[in-house]
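Dear colleague,

Please find below the structure for your files.

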Amino acid sequence: MAQKSTNCILGIPDCDSVSDINNSGTEFTVTLDPGHIQAVCPLCEGHSLTSKGCSREQVIYHTPRGRTATLIHISFPRFYCKDCGVSFTYRPDWIHPWLPITKVLFHSILSDFSSTKSMREIASDNCVSERIVCSVFDAVSIHPDHTLATTICIDEFKGDSGTFDEESRRWHRRRFQCNVVNGDNHSVIDILPSRDYQSLKAYFMDYPAHERKNIQYLCCDMHSGFAKLRHRVFPNAILCIDRFHVVQRLNNAVDYVRIRYQKELKARLDINENDEEAEALYKLLKDSAHLLTTKESNYTVYWESDILAKKQLKLAGIFSLFPDLQVVNDYLQEFHVLTAQKDDALRSLALSAWIQRAKSSEVPELRDAASTIETWKEYILNGLRGGRNNSTCEGLNRKIKDIKRNASGFKNFDNFRKRILLACGSPLLKKEYSYSRKNSGKAASPARKEGDCSEA
């Protein structure tokens, strides 16, 4: 009974008896004696086996006890098959087939990949080396759900990863990669190595024509490569530009005006370093970057009444000194109001009038933004009308940035893609094991290949 309780606490099957337990403070060591084994030949599945003793003692990592590593010392028995003449080493099914860890620890490490932790943090949490964590990562094969939904969301992110060309012996890295998300259930479909139109077209054209024709909405930002997909790959889809990207374009216009004024003040300081007025105004503009782009209806959400009064007074002072900032800010706030309109016809008329007035403005940054919005006006209204947005992709980009920062970047795109899918998707993880005969049939050892393993 005591033996069974010990095995239960350690998470070890009852067929293996614990002969010794030692806790040194830094390591929790368990020594096992294999019990009676009903081994089967991995090649011919025969039972005519002869024992050849045990291999040398090996150390297997198990799930830690608190922050203390658990090491299992065990000797694997060897057998000779009389039917096929092959010698093999028996490895218990609760130990990973080729890694020096238990299957429980394997799945514990695998579950940690669902977070944005780095390899080093995962290794520290499981009290193993980074090499073992990397081996678990390499042992996993990803099979994302390659079925298209009625709504597809697509967005780029800055990955700075690529592939290695064996012929030229050089890395070919791309600055931007692309994520494709199911807009219906918000699951990740795939991560693509490039955002250019030709690469995207080649990827999506692999899908059957009937699946591509079933796409009803394509949500993206104002990138021309994404827009071409709607015309040539998804003929029945409605292109929807997310309002977030339009507001981002207007926020950039506000920033461009602010930076223009800051450069003018910087030029004054270069001429006269003791110009205290220019220095104070420069600091005022620099500290007001967030305030100038804040939505007016959010003032009361972000600040209490006494702080709000100070913020409004600060804004009034900035607008009196820098009139172009007031013009751009007024147009930004007006855009927030008109996009909140519920009536489609009124919203369309209001946006058209807003664009015409903005294009006739004397502020060049505002005119550029208005021209961009005019180009994409129809698709912006589609997004507002259908309530479709790219929020899932934007949230995924936030997680991707965390993964990239914690890992200090990924040079290899395949590893980057796998890490993203492990953390952000719901992939089917599969692996199967086979055995290959070695020289002269004296021994056989497990060999890795793609296939079947338990689902993570």
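For the classes used below, Ala, Val, Leu, Ile, Met, Phe, Trp, Tyr, Cys and Pro count as nonpolar, Asp, Glu, Lys and Arg as charged, and the others, Gly among them, as polar. The model is predicted, so local features need pLDDT of at least 70 and side-chain atom pairs count only at pLDDT 80 or more, while totals for chains, interfaces and linings use all residues. Residues are numbered from 1 along each chain as its sequence is written, and side-chain values use heavy atoms, with hydrogens and water left out.

On the largest pocket: by class, its lining has nine charged, five polar and four nonpolar residues. A pocket here is an open set of points on a 1 Å grid over the protein atoms alone, where a 1.4 Å probe fits, with protein on both sides within 12 Å along at least five of seven lines; lining residues have an atom within 4 Å of a point. The volume of the largest pocket is about 530 Å³ (the space filled by probe spheres set on the points, which are joined across faces, edges and corners). Of the 18 lining residues, Asp155, Glu156, Asp221, His245 and Gln248 are the closest to the centre. Two or more lining residues come from each of S9, helix H8 (243-271) and helix H17 (391-406), helices being DSSP runs of H or I with at least four residues and strands runs of E with at least two, numbered from the N terminus. H8 gives the largest share, five residues.

On salt bridges (a side-chain nitrogen of Lys or Arg within 4 Å of a carboxyl oxygen of Asp or Glu): the whole structure holds 20. Glu156 is buried at 17% relative accessible area, whereas Arg195 is partly exposed at 25%; buried means under 20%, exposed over 50% and partly exposed in between (1.4 Å probe, protein chains only).

Arg67 and Asp125 form another salt bridge, at 3.6 Å between the closest N and O atoms. Arg67 is exposed, at 55%, and Asp125 is partly exposed, at 28%. Together with Lys117, Arg67 and Asp125 are linked in a network of salt bridges. Asp344 and Arg385 also meet in a salt bridge, 3.9 Å from N to O. Asp344 lies in helix H14 (residues 344-359) and Arg385 in helix H16 (residues 377-386), so this pair ties together parts that are 41 residues apart in sequence.

On aromatic pairs (ring centres of Phe, Tyr or Trp, the latter by its six-membered ring, within 6.5 Å; planes under 30 degrees apart are stacked, over 60 edge-to-face and the rest tilted): the search of the whole structure finds 12. Phe157 and Phe416 are edge-to-face, 6.0 Å centre to centre with 85 degrees between the planes. Phe157 lies in strand S9 and Phe416 in helix H18 (residues 413-424), so the pair ties together parts 259 residues apart in sequence. Both Phe157 and Phe416 are buried. Phe204 and Phe234 are also edge-to-face, at 5.1 Å and 75 degrees. Tyr203, Phe204, Tyr207 and Phe234 form one aromatic cluster.

Yours sincerely
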